[in-house]
Amino acid sequence: MLEIIREPWPWYVAGPLIGLTVPILLIIGNKSFGISSSLRHICAACIPSNISFFKYDWKKESWNLFFVFGIFIGGFIAAYFLTNPNPVEIAPELSEKLATYGITDHTGLVPSQLFSWESLLTLRGFIMMVVGGFLVGFGTRYAGGCTSGHAIMGLSNLQWPSLVATICFMIGGFVMSLLILPYILSL
């Protein structure tokens with residue numbers, strides 16, 4: 001049983017399981033799924049101020065905080081107890097391409113040449129982690145939600161803004177991975 005949990009699940013199993021969160025949340029309590037709103041709930045609970053954006057009854061959405069906490073705990077358990085000792089399997093062509101940028105370590109979940117404390121002090125690492133993190137946060141706020149909220153919950157509810165946001169997420173991902181990322185990796 002433990003081997004089933006350790007291995008990657010095929011799309012036809014994982015996809016429907018993720019998709020089932022939508023009807024379950026709607027049936028259980030007419031709740032909408034999204035992760036980025038939990039930061040607003042945490043700020044509303046912890047930051048006493050007169051900022052109108054944080055003045056609402058965040059306790060009605062506390063279930064979302066438990067959901068995010070469960071994701072955190074699940075990630076911790078997976079990272080420390082269910083790790084696969086083998087290097088991450090990637091296509092040989094991609095491995096060769098990444099090697100031209102100096103990325104050769106595939107033993108962790110992410111390449112240590114890009115995501116480490118040492119890398120943070122380089123221009124490439126700063127752009128990848130700090131600037132990238134800011135852009136993700138800004139884009140999430142600007143789009144009115146994250147990819148999980150729009151692509152999973154919004155599309156299943158046939159919301160037009162979620163379709164537009166998801167298309168923009170996809171275009172942005174293609175532009176980033178095909179045009180901008182090679183330039184950043186060459187720094």
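Colleague: Where is Leu158 placed?

Modeller: This is a predicted model. In it, Leu158 sits in the loop between helix 9 and helix 10.

Colleague: What is its phi, roughly?

Modeller: Leu158 has a positive phi, about 55 degrees, although it is not a glycine. Most residues other than glycine have a negative phi.

Colleague: Is Leu158 buried or exposed?

Modeller: Leu158 is exposed, because its relative accessible area is 76% and the cut-off for exposed is over 50%.

Colleague: Which loop holds Asn30?

Modeller: Asn30 lies in the loop between helix 3 (21-29) and helix 4. Asn30 has a positive phi of about 55 degrees too, and it is not a glycine. Asn30 is exposed, with a relative accessible area of 64%.

Colleague: Switching to helix 4. Which of its residues are buried?

Modeller: Helix 4 covers residues 37-46, and its buried residues are Ser38, His41, Cys43 and Ala44.

Colleague: And what covers them?

Modeller: The cover over the buried residues of helix 4 includes helix 5.

Colleague: New topic, the largest pocket. What is its volume?

Modeller: The largest pocket has a volume of about 910 Å³.

Colleague: How many residues line it, and which lie nearest the centre?

Modeller: The lining has 28 residues. Nearest the centre of the largest pocket are Ile5, Glu7, Gly74, Gly75 and Ala78.

Colleague: Which helix gives the largest share of the lining?

Modeller: Helix 5 does, with seven residues of the lining of the largest pocket. Helix 1, helix 2 (11-19), helix 5 (62-81) and helix 9 (147-156) each supply at least two.

Colleague: What does UniProt say about transmembrane regions?

Modeller: The unreviewed UniProt entry annotates residues 12-30, 63-82, 121-143 and 163-185 as "transmembrane region".

Colleague: What do residues 63-82 look like in the model?

Modeller: Residues 63-82 are 95% helix and 0% strand. The end C-alpha atoms of residues 63-82 are 26 Å apart.

Colleague: And residues 121-143?

Modeller: Residues 121-143 are 91% helix and 0% strand, and their end C-alpha atoms lie 30 Å apart.

Colleague: Last one. Where is confidence lowest and highest?

Modeller: Confidence is lowest in helix 1 (residues 2-6), with a mean pLDDT of 76. Confidence is highest in helix 10 (residues 160-185), at 93. The protein averages a pLDDT of 87, and 99% of the residues score at least 70.

Note on methods:
Residues are numbered from 1 along each chain as its sequence is written. This is a predicted model: local features need pLDDT of at least 70, side-chain atom pairs count only at pLDDT 80 or more; totals for chains, interfaces and linings use all residues. Side-chain values use heavy atoms; hydrogens and water are left out. UniProt positions are given in the numbering used here, feature names are shortened, and annotations may be inferred rather than shown by experiment. Helices (H or I, at least four residues) and strands (E, at least two) are DSSP runs, numbered from the N terminus. pLDDT is the predictor's confidence in each residue, from 0 to 100. On a 1 Å grid over the protein atoms alone, a cavity is a set of points where a 1.4 Å probe fits but cannot get out, and a pocket is an open set with protein on both sides within 12 Å along at least five of seven lines; lining residues have an atom within 4 Å of a point. Grid points are joined across faces, edges and corners, and a volume is the space filled by probe spheres set on the points. Buried means under 20% relative accessible area, exposed over 50%, partly exposed in between (1.4 Å probe, protein chains only). Contact means heavy atoms within 4.5 Å.
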